[in-house]
Amino acid sequence: MASRFPASFVDPWRQLIGAYEKEQANDFPAYSSTTLEPLITTSTPTELYVGTGHTIYERALLPAIRNAKRSVHLVTCFWADSPTANSIRATLFELAASRAAQSDLPTLHITIGFSSRGLFQKLFHTSSRDGYVYPPSEWKALKLPDQQTLQSGSIELTVKTLFFTPLSVMHPKYLIVDEAEAWVPSCNVSWEKWFEGCVELHGGAVQSLLTFHERVWGLGTSESNVASMERTQNGNAAVERPATGSLSGNTHASLIGSADDMSPTQSAKLALGSATPTILLPSSHHRNPGFSWIPFLRKPNAPMTPLNAALLTLFANARNSIVLVTPNVTSKPVIKAILAALVRGVSVEIRTNQSMMLIEQLATCGTTTSRCMNKLMKEYTKLANEMTRQAQADLEAQPHPLGKLDIFYYQHRPEREGQPDEPVVSHFKMTMVDDTYLVLGSGNMDRASWWTSQELGILFYVPGFAERSLWEKVLRVRGRRAFPPSLRS
């Protein structure tokens, strides 16, 4: 199976992981150069979605949950009281009622995993890798139906959290339905109107994702008797009903986009074939972030996880172009690799935010995206001036041309301000190298994602991937050019 993915990527990627595997032996979960084979697989990507997190849930994830027959595994980072949480609640009520009206249905097992709910939840969270399993008596606070309602539809629910102080969240986001289909979005269950993306896929990559899910979230759930302990206690409780008007009204939402040409709510069906070379890219949890407010005491090297190693390999091997769409850029290895690629003549385009999650950036990195981008612009300008001086000093020399650098900050459309689907910032994560390698998932290009958070990326080998226009057409009209300054409008 590995031969289906170009060896020009797989070999250096494997070697990079192998060079640091002793340092990653205690990762959660741990990977070495000899255990990567199950991650290298194929998939059938069937659809791409962009929009706000709420529209992606309404149009992609919730319809999939409604159609589930045997199992649902929903994992997100942040779980908050929000329109998305209300829609999940309504979907589960609808699903339970639909199943209760049928007979002889197999039990539908639903698991929900998340990492962050609020400050106090994280401060007092267990440090065990088994996490915390919410008893049914606490489901109401999560905006979930009661146990009796779900059991009336032969639904068994498990809700679990994982978090490791001080800063290590479980940041992956995905949905697996009936162990056959998967959706990998960038969005949380939250109220933020952020620009997001999602890919739907089938095939071998779903099995790789299931294995990852079991290694991370399977611990503690099978041994937990919390549900059975409370079943008797809650046996006579009144069945909850959703409030009037809380049911989702978007059951048959269109999957072809909005009639509004400027709307970011769009989707595209894919026809890439049944065996797209694919690699699942976990970036494992690290409790110690190695961060210090004193610069010379900071840990200089990021953990060499499958995701981090893949991105560094892609950057190092890039020949023509690198395109990054990311909420923040504060990871020094990323900026260093970008500068090296520019020196080789590779064109780089970065689309990010100027002032998103500033407190989080300062807490986890001690700097901000705008500062890092300003530094990158200065370094690039310095390189360009130096190459110009060298060319003028030696007219016969033919130096390798510097790659073009473009930096854009997200800016919402002012004429659509106030529209429910107009994002205020971009939370989408996408890396495209040489129009051939596409990385989607949860990982940002910031220090938190590279050092402390558990992340999950998925790499597709898709030469000439034209469907990238789905997010390009949305972002091009929502970008304020920061560099080069001479091209600012």
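## Aromatic pairs

This predicted model holds 16 aromatic pairs. One of them joins Phe428 and Trp471. Their ring centres are 5.3 Å apart and their planes meet at 55°, so the pair is tilted. Phe428 sits in the loop between strand 16 and strand 17 (430–433), while Trp471 belongs to helix 13, so the contact ties together parts that are 43 residues apart in sequence. Both Phe428 and Trp471 are buried.

There is also an aromatic cluster. Its members are Phe5, Phe9, Trp13, Tyr437 and Tyr461.

## Helix 13

Helix 13 spans residues 469–476. Its residues Leu470, Trp471, Val474 and Leu475 are buried. These four cover an arc of only 110° around the axis, which puts them on the same side of helix 13. The general rule is that an α-helix has 3.6 residues a turn, so residues three or four places apart point the same way.

## Nonpolar cores

The largest nonpolar core has 92 residues. Phe9, Trp13, Ile279 and Ile322 have the most contacts inside it. Trp13 touches Leu36, Ile40, Ile279, Leu281, Pro306, Ala309, Ala310 and Thr313, leaving out residues up to four places away in sequence. Trp13 and Phe9 also belong to the aromatic cluster.

A second core is separate and has 35 residues. Among them are Ile56, Tyr57, Leu74 and Ile88.

Strand 9 (residues 181–185) is mostly covered, with four of its five residues buried. Strand 9 pairs with strand 8 (residues 174–177) in the antiparallel sense, over three bridges. Ile176 has Ala182 in strand 9 as its bridge partner. Strands 8 and 9 form a hairpin with three residues between the strands. There, Asp178 takes a positive phi near 55°.

Strand 9 also pairs with strand 10 (residues 194–202). This pairing is antiparallel too, over five bridges. Pro185 stands opposite Cys198 in strand 10.

## Arg416: a buried arginine

Arg416 lies in the loop between strand 15 (405–410) and strand 16 (425–426). Is Arg416 buried or exposed? Its relative accessible area is 5%, and the cut-off for buried is under 20%, so Arg416 counts as buried.

What does the side chain of Arg416 join through a polar contact? The partner is the side chain of Glu422, at 2.6 Å. Beyond its neighbours within four places in sequence, Arg416 is in contact with Asp260, Met262, Ser263, Pro264, Asp421, Glu422 and Arg478.

Terms used:
Residues numbered from 1 in each chain as written. Predicted model: local features only at pLDDT ≥ 70, side-chain atom pairs only at ≥ 80, totals over all residues. Heavy atoms only, no water. Buried < 20%, exposed > 50% of the residue type's maximum accessible area, 1.4 Å probe, protein only. Helix = DSSP H or I, 4+ residues; strand = E, 2+ residues; numbered from the N terminus. Arc of directions from axis to C-beta. Polar contact = N/O pair within 3.5 Å; in protein donor to acceptor, adjacent residues only side chain to side chain. Contact = heavy atoms within 4.5 Å. Core = buried A, V, L, I, M, F, W, Y, C linked by side-chain atoms within 4.5 Å. Pairing = 2+ DSSP bridges. Phe/Tyr/Trp six-rings, centres within 6.5 Å; stacked < 30°, edge-to-face > 60°.
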